[in-house]
Structure formats: C-alpha cells, structure tokens
Amino acid sequence: MRLDKLIANAGLASRSEISKAVRGGRVTVNGAVAKTPALQVDPECDAVVYCGKSVCYREHIYIMLNKPEDYVSATEDKNAPVVTDLLLPADGARVHPCGRLDKYTLGMMILTDDGEMSHRLLAPARHVPKSYRYRCELPLSEGDEKRLCEGVHIEGGYLTKPCEINAESEFEGVITIHEGKYHQIKQMFGAVGNKITYLERISFGPLPLDPSLGRGEWRYLTADEIALLAEAAK
Ligand code: URA
C-alpha cells in the first residue's frame, strides 16, 4: 500500500498535507525519513510515524462523499455512472454506499467496507436521523407541514414515522427523517399533493456534510467522526 494512502486511511490528514509532511521530512518508515508519499509500505509490519504520531492500519475504511447529480448510489450499474467511480479505484472496489440516495439527490453519503456498521446505521430500530435541504414546487401550507411531520401514507400503505421540518419559506427548508424508505421524501411530498424539485442530504446521523467538499469530492472520515458514527450505531 502507498505510504500516503496508509496515513490518509488512518484519518490523520489529507493527501496534500501528507505530501507536504513527507517533503518536510516529518514522516518516517521504520525509523528512516520517507522520501516520497508513493513509497510502498506493508501496513502489517512497517512502523510508520506521521508528524510524531504512530499510524495504525485500519481494518475498515469510511468515506464521506458529496454526491453529485446523475450518479447512482451503487457499486455498479449498466446505464449510469456509480458513486464508487468517484473514489480511488482501490477504495471504490472495496466499499459500498451506506444507504441510498436517488440519482437526482445530492449531498452527504457515507461509503464503507464495514458491513456490520452499515447494517446497524440503517436498521429501522435505531432511527438514525438524516437531514435534507428540500425545495418544493407548490407552497407548503402549515397544515401540510403538520401532516408530513405526523406521518403520511406512502407506497404500499406505509405510514411514515414522525419527522421534523424546519421551513425557511413556503417553498424550502430542511426535513429530518428517521427512517429510509424508497424515495421517501419525494413520496411524502407527493402524499400531500406537492412535488420535490431539489433534494440534498446535509447530514447523516451525527455527521454534517463537510462544506469544504465540492460536488463529487470525498475524504476519509477522521477517527473522531468514526467514533461518532459508531456511537450512533450502538
Ligand atoms: N428521499 C428521497 O425521496 N430521495 C432520496 O434520495 C432520499 C430520501
């Protein structure tokens, strides 16, 4: 594995910060100063020290992605690009999306190879909150907002669980749901005779979308963020 990947994977810094640290002689491998971030290291046996911190290899990787439009939340699709195409090929081949966003929905996605964690974060019983910035076609009345918050019937007669809406105007706001049915928010607005025209996930559980990530950009989660996710998955 490349040295910079090992350090980034441990959530200690971005690739560009690591390159700078290597150029500045602040990274050692088995006690010798590393000359290039592309150096091949064995995560199981080589002792890597980054700016005085020893780097532990992580069994799993956790990635935050700012999903652009037109990408499918999957690892493969016959007709459209998939979110894992946006990652480094080695990571893309390893991780899966933790939950789905529709092709036209933007924003926060977590991708990981930790199947157990994904499963727990998505389990309906855990009610992990997900917040979305929405825009709708028609003005959303206070009555409709109340109906959405209390629960509406969607596909298959399912009654949605209580959710919260923080309306900023009749046409836009933030909605937080605690479950994840297929096209849930679009279906909910449809149930009150309205239509979603824009949808962007802005947080997943305890983690807000990092505002420094442009559309299509991603980064590894930090150790603190992984701990917060693990807590939410308990
Ligand atoms: N609800 C939707 O309708 N679409 C999404 O992508 C996520 C939630």
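Visitor: Which helix gives the most to the shell around the ligand?

Guide: Helix H6, residues 184-191. That helix contributes 3 residues to the shell. Bear in mind that this is a predicted model.

Visitor: And which residues surround the ligand?

Guide: The surrounding residues are Leu101, Asp102, Thr105, Tyr132, His183, Gln184, Ile185, Lys186 and Leu199. By class, the shell has 4 nonpolar, 3 polar and 2 charged residues.

Visitor: What does the side chain of aspartate 102 do there, in distance terms?

Guide: An N or O atom of that side chain is 2.7 Å from a nitrogen atom of the ligand.

Visitor: What about threonine 105?

Guide: Its side chain places an N or O atom 2.9 Å from a ligand oxygen atom. Histidine 183 uses its backbone instead: an N or O atom there lies 3.3 Å from an oxygen atom of the ligand.

Visitor: How much of the ligand's accessible area does the protein cover?

Guide: 96% of the 240 Å² that the ligand has on its own.

Visitor: Which pocket is it in?

Guide: The ligand sits in the largest pocket.

Visitor: Switching to domains. What does the assignment give?

Guide: Domain 1 is 3-54, domain 2 is 62-124 + 211-232, and domain 3 is 129-204.

Visitor: Where does the ligand lie relative to domain 2 and domain 3?

Guide: Between them, because both give residues to the shell around the ligand.

Visitor: What separates the centres of domain 1 and domain 3?

Guide: 45 Å, taken over C-alpha atoms.

Methods
Residues are numbered from 1 along each chain as its sequence is written. This is a predicted model: local features need pLDDT of at least 70, side-chain atom pairs count only at pLDDT 80 or more; totals for chains, interfaces and linings use all residues. Side-chain values use heavy atoms; hydrogens and water are left out. A residue is near a molecule or strand if one of its heavy atoms lies within 4 Å of it. A polar contact is a pair of N or O atoms within 3.5 Å; within protein, one must be able to donate a hydrogen and the other to accept it, and residues adjacent in sequence count only if both atoms are side-chain atoms. Accessible areas come from the Shrake-Rupley method with a 1.4 Å probe; for residues, only the protein chains shown count as cover. On a 1 Å grid over the protein atoms alone, a cavity is a set of points where a 1.4 Å probe fits but cannot get out, and a pocket is an open set with protein on both sides within 12 Å along at least five of seven lines; lining residues have an atom within 4 Å of a point. A molecule sits in a cavity or pocket if more than half of its atoms lie within 2 Å of its grid points. Helices (H or I, at least four residues) and strands (E, at least two) are DSSP runs, numbered from the N terminus. Ala, Val, Leu, Ile, Met, Phe, Trp, Tyr, Cys and Pro count as nonpolar, Asp, Glu, Lys and Arg as charged, and the others, Gly among them, as polar. Domain bounds come from an automatic or database domain assignment.
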